[in-house]
Amino acid sequence: MKLLITLFTFFYCFFLTNNSLLAKSVNVDDYLKYREKGFELKKENKMDEFLDHFLLMEEKFDIHNLKISNELKFKLYFNICFETQFRNKKVVGDENFEIYHCGKAYNYFEKSGLFKDKENVDIEGYLVSRLAPAYVWLYTFDGGKENLILGEKYALKSFEYASKLKKGARNNTYMSTALYTLVNLYRNQGNNEKALEYLELDLNFNKCDSDEIIDGKNKKSKKRGCRTLKHNKAYFLEGSGKKHEARKIWMELIEDETTDTRPFDSAATRASLYMYYK
């Protein structure tokens with residue numbers, strides 16, 4: 001019995017010791033000091049160190065239970081979300097990392113009430129434009145109903161945001177991302193009708209049936225982009241049973257080829273025609 005009590009006491013103390021080591025801090029003063037140090041690094045333009053410092057703060061502190069405002073919690077996660085966009089070497093291909101931090105930023109953004117301020121509409125637009133492709137990517141390779149639901153939710157929000165922006169390169173970037181994401185989402189879901197609907201919007205948005213070039217693109221990039229969109233349209237038409245319409249587009253793409261046409265694009269068009277005639 002004495003041995004059992006001794007063992008119990010040992011393991012109990014061991015458990016408490018390890019728990020205390022693993023427990024995250026909820027000390028607000030320490031958190032604010034760490035935060036101040038982080039922004040000092042940012043002012044010095046030491047952006048890698050700034051990001052590492054904020055990631056360390058997240059690891060060190062229990063952000064959820066920390067007695068600070070939701071706005072401050074939002075700013076922590078938003079800074080991580082924003083900075084990791086330009087530093088892929090830290091989170092290469094890790095959509096879960098992106099979803100976690102950008103998702104946390106979005107949740108605290110809503111809780112803080114900041115979304116009610118019209119001046120902050122660009123923050124929401126930025127976050128949904130990051131979350132939508134990440135969730136659709138996960139759905140594409142991992143499936144999952146939640147990934148599908150959230151991918152569609154954020155993609156539609158991203159499309160809505162882009163639709164309200166003034167015309168220009170910034171609007172074009174957001175709109176292209178939103179439409180591309182929606183097309184991929186519905187294609188992977190097997191909903192060719194919806195995928196084709198947003199693909200048509202993408203073709204119209206990029207002025208693919210005219211010589212007009214939208215801001216942020218040149219003649220060469222527009223031609224390549226529109227070629228890809230038209231090829232995808234043919235793919236969806238074929239999947240919907242409209243094989244003759246698909247064939248017509250592929251033939252037009254071959255006739256429109258130039259020395260600037262990428263070999264991969266030419267090969268993809270011919271492979272599609274081969275499958276049509278097979």
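Visitor: How much of the protein chain counts as buried?
Guide: Of its 278 residues, 38% count as buried. Keep in mind that this is a predicted model.

Visitor: And what does the secondary structure of the protein chain come to?
Guide: The chain has 12 helices and zero strands. Reading along the sequence, you get α-α-α-α-α-α-α-α-α-α-α-α.

Visitor: What share of the contacts with a separation of 6 or more comes from residues 24 or more positions apart?
Guide: Those account for 59% in the protein chain.

Visitor: OK, the core. Which residues touch the most other members of the largest nonpolar core?
Guide: Tyr 31, Phe 74, Leu 76, Leu 127, Tyr 154 and Trp 250, out of 68 residues in that core. Helix 6, residues 121-142, supplies the largest share of this core, with 10 residues. As a general point, nonpolar side chains tend to be buried together in soluble globular proteins.

Visitor: What does Leu 127 touch?
Guide: Setting aside residues up to four places away in sequence, Leu 127 touches Phe 74, Phe 78, Cys 81, Cys 102, Ala 105 and Tyr 106.

Visitor: Back to helix 6: how far does it reach from its first C-alpha to its last?
Guide: It reaches 31 Å over 22 residues, close to the 32 Å expected at 1.5 Å a residue. Just after helix 6 comes Gly 143, with a positive phi of about 70°.

Visitor: What about helix 8, what should its residues span at 1.5 Å each?
Guide: Helix 8 is residues 169-189, and its 21 residues should span 30 Å; the end C-alpha atoms are 30 Å apart, so the two agree.

Visitor: Which helices do the buried residues of helix 8 pack against?
Guide: They pack against helix 6, helix 7 (145-164), helix 9 and helix 10. Among the buried residues of helix 8 are Asn 171, Asn 172, Tyr 174, Met 175, Leu 179 and Tyr 186.

Visitor: Changing topic: at what angle do helix 2 and helix 3 pack?
Guide: About 165°, with their axes 8 Å apart. An angle over 145 degrees counts as roughly antiparallel, so helix 2 and helix 3 are roughly antiparallel to each other. Helix 2 passes helix 3 in a left-handed crossing. On the helix 2 side the contact includes Tyr 31, Tyr 34, Phe 39 and Leu 41, and on the helix 3 side it includes Met 47, Phe 50, Phe 54 and Met 57.

Visitor: What's in the loop between helix 2 and helix 3?
Guide: Asn 45 is one of the residues found there. Asn 45 has a positive phi of about 65° although it is not a glycine. Most residues other than glycine have a negative phi.

Visitor: Is Asn 45 buried or exposed?
Guide: Exposed, because its relative accessibility is 61% and the cut-off for exposed is over 50%.

Visitor: Where does Asp 202 lie?
Guide: In helix 9, residues 192-205. Asp 202 counts as buried because its relative accessibility is 5%. Leaving aside neighbours within four places in sequence, Asp 202 is in contact with Leu 179, Tyr 180 and Leu 229.

Visitor: And how do helix 10 and helix 11 pack?
Guide: Helix 10 (residues 219-239) and helix 11 (residues 243-255) pack at about 160°, with their axes 7 Å apart. That makes helix 10 roughly antiparallel to helix 11. The contact includes His 231, Ala 234 and Tyr 235 of helix 10, along with Ala 246, Ile 249 and Trp 250 of helix 11. The crossing of helix 10 and helix 11 is left-handed.

Visitor: Last one: where is Arg 262?
Guide: In the loop between helix 11 and helix 12 (263-277). Arg 262 is partly exposed, with a relative accessible area of 33%.

Visitor: What is Arg 262 in contact with?
Guide: Arg 224 and Thr 228, leaving aside neighbours within four places in sequence. Arg 262 and Arg 224 are 38 residues apart along the chain, and their C-alpha atoms are separated by 8.2 Å.

Key
Residues numbered from 1 in each chain as written. Predicted model: local features only at pLDDT ≥ 70, side-chain atom pairs only at ≥ 80, totals over all residues. Heavy atoms only, no water. Core = buried A, V, L, I, M, F, W, Y, C linked by side-chain atoms within 4.5 Å. Buried < 20%, exposed > 50% of the residue type's maximum accessible area, 1.4 Å probe, protein only. Helix = DSSP H or I, 4+ residues; strand = E, 2+ residues; numbered from the N terminus. Contact = heavy atoms within 4.5 Å. Expected span 1.5 Å × (residues − 1). Axes fitted to C-alpha atoms, helices over the stretch in contact; angles between N-to-C directions. Parallel < 35°, antiparallel > 145°, perpendicular 65-115°, else oblique. Left-handed = near helix turned anticlockwise from the far one by under 90°.
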